[in-house]
Amino acid sequence: MAREFGPGHSGGLASPGPRSHPCTTGEPAMLPCALWQKKEQPVRSCLFLLAAVFHAAAAAQVPTTYHNPLPVRLASGELAQNCADPAVLRDPQAAQATWYLYCTTDPVSRNEREGDGYRFRFLPVYRSTDLVHWDWVSDAFTDRPAPAAPKSWLWAPEPQYHDGRYWLYYTITDTADAHSPEPGCDGDSSIGVASSASPAGPWQASGKPVVGPRRAAPGCKFDWTFDPDVVVDDRGTRWLYYGSYGGGLFVQRLAADGLSVEGEPRRVGTSGRYEGAEVVRHDGWYYLFASATDCCAGPLTGYALHVGRAASPLGPFLDRQGNDMAAARAGGTPVLPQSGNRWVGAGHNSVLQDAAGQWWTIYHAIDLADPVFAPGLTRRPALLDRVDWVGGWPVVAEGQGPSDRALPAPATTAGARDPPRRLPAPASTCACFGARTSRNRQPRPGAGCATPARGVRRRKAWPGARSPVTCTWTPTRRRCCRAHCRLALATCASKRGCGSMRRTIAARRMCRPASWQCGMTTTT
């Protein structure tokens with residue numbers, strides 16, 4: 001109700017309704033109409049000024065910098081202690097740029113107890129409009145949905161949007177007997193799915209596996225059907241990646257309804273090496289990010305992220321040296337190495353774009369200052385770092401490992417993209433850093449590519465040289481580069497290169513293929 005004061009009136013309530021102008025009602029006025037109109041002009045100016053102030057205040061709330069770990073908050077305002085296996089979906093139906101963050105089942109607060117232990121939240125969901133500050137909106141499930149067994153865990157969520165609905169794929173660590181080829185087992189993992197009209201839920205589970213338990217041997221021995229990831233190819237076909245150390249990584253075509261897979265699975269990652277597949281398309285290539293080693297060993301965690309690329313979603317995914325990630329001697333180029341700061345065990349990432357199209361990755365890592373949530377439970381908060389594409393390969397955090405300093409925040413509006421960063425090109429040398437001779441000299445590498453070609457640069461080295469022979473190449477010159485590397489390796493172990501050490505095992509080991517690299521220099 002509006003409050004008006006009459007002449008000589010110190011208070012009192014006026015009747016409801018819009019305020020009247022004395023110059024239009026004919027009521028007695030303390031001032032002439034001309035003076036009333038002049039008096040209103042400053043009032044309008046003040047209103048415009050107030051609106052501008054409020055707009056500036058709202059803009060000031062958009063972060064210009066951020067610092068890892070990300071502030072992921074619960075409904076109470078408390079920071080969530082865990083957000084492992086993070087997956088991000090930008091809501092295509094939101095008017096304002098809005099992202100949703102989905103985390104694996106974990107305890108998130110030391111204040112939340114359940115029985116004699118901590119409360120585990122089933123796939124908590126958070127929302128953000130800036131990719132930095134995240135607020136809890138719901139848990140995907142309050143209990144285990146079918147076809148999960150009563151003691152199953154739900155891990156590694158994968159959100160998707162298609163056909164006007166939101167879909168959430170996830171790992172079921174123990175499948176109900178009705179959907180398992182071996183009743184009574186607790187390691188018969190599978191991939192489940194649920195759908196919703198909103199990215200925040202509520203979620204309705206399909207009740208049956210998308211990918212059922214897969215036998216590794218008779219009895220209760222199953223491959224690990226973990227970590228779903230969905231990618232859409234240029235024809236609109238959706239492909240589902242899944243798997244882990246037990247059996248390897250695989251890809252299969254999703255059915256049109258998204259509830260099952262079709263065709264035969266294709267291996268894209270070798271057994272015992274990778275998990276947490278994340279595949280993205282960029283500039284005509286499909287990039288497979290995958291994590292290696294134990295995810296959850298507290299401060300001793302050696303989890304690490306690798307990448308390979310392919311021209312097809314079916315692979316093969318090759319690293320910079322042309323090694324297949326599905327081979328027995330698996331390839332995979334490190335993209336998020338530990339840098340010696342507070343963060344270790346960085347991996348299981350999600351790759352995304354901000355509102356201006358800049359690429360980023362959100363992943364989990366372990367803080368050496370606070371590595372354990374509780375005895376036996378590793379604490380894994382969410383981190384964010386920028387991804388740049390250099391020479392056709394992703395470079396995360398400028399190649400310096402998980403960041404631990406204030407950095408420019410992601411863009412929240414289109415057109416606000418930061419200028420491109422000048423990063424060094426990825427390794428583009430075919431080199432042999434072999435064993436040193438007794439005179440502390442580098443073995444002499446070979447003389448470069450066997451045949452000159454356009455776009456190829458040759459440079460010879462000399463005894464004692466610290467830098468390797470380089471061979472700049474394009475995709476059509478791979479054979480030249482590889483031949484050069486083989487020549488350098490052979491020369492390293494020869495009389496001319498390693499002197500009296502040429503016949504020793506040590507010399508050959510130090511001149512192994514892992515000690516040289518081939519790569520591209522063409523930037524995209």
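The structure holds two cavities of 30 Å³ or more. A cavity, on a 1 Å grid over the protein atoms alone, is a set of points where a 1.4 Å probe fits but cannot get out; grid points are joined across faces, edges and corners, and a volume is the space filled by probe spheres set on the points.

This is a predicted model, in which local features need pLDDT of at least 70, side-chain atom pairs count only at pLDDT 80 or more, and totals for chains, interfaces and linings use all residues. Residues are numbered from 1 along each chain as its sequence is written, and side-chain values use heavy atoms, with hydrogens and water left out.

**First stop: the largest cavity.** Select P157, E158, P228, A277 and H348. Of the 15 residues that line the largest cavity, these are the closest to its centre; lining residues have an atom within 4 Å of a point. The space inside is about 90 Å³. Strand 9 (154-162), strand 19 (275-282) and strand 23 (343-353) each give two or more residues to this lining. Strands (E, at least two residues) are DSSP runs, numbered from the N terminus. The lining comprises six nonpolar, four polar and five charged residues. Here Ala, Val, Leu, Ile, Met, Phe, Trp, Tyr, Cys and Pro count as nonpolar, Asp, Glu, Lys and Arg as charged, and the others, Gly among them, as polar.

**Second stop: the sheet that contains strand 9.** Two strands pair if DSSP finds at least two bridges between them. Seven bridges join strand 9 to strand 10 (residues 165-172). To see one of the bridge pairs, select L154 and its partner I172 in strand 10.

Select Q252 in strand 17 (residues 248-254). This residue is buried (under 20% relative accessible area, 1.4 Å probe, protein chains only), with a value of 7%. A polar contact of 2.6 Å joins its side chain to that of Y242; such a contact is a pair of N or O atoms within 3.5 Å, one able to donate a hydrogen and the other to accept it, and residues adjacent in sequence count only if both atoms are side-chain atoms.

**Last stop: Q358.** Select Q358, in the loop between strand 23 and strand 24 (359-367). Q358 is buried, with a relative accessible area of 4%.

How values were computed. Helices (H or I, at least four residues) and strands (E, at least two) are DSSP runs, numbered from the N terminus. Buried means under 20% relative accessible area, exposed over 50%, partly exposed in between (1.4 Å probe, protein chains only). On a 1 Å grid over the protein atoms alone, a cavity is a set of points where a 1.4 Å probe fits but cannot get out, and a pocket is an open set with protein on both sides within 12 Å along at least five of seven lines; lining residues have an atom within 4 Å of a point.
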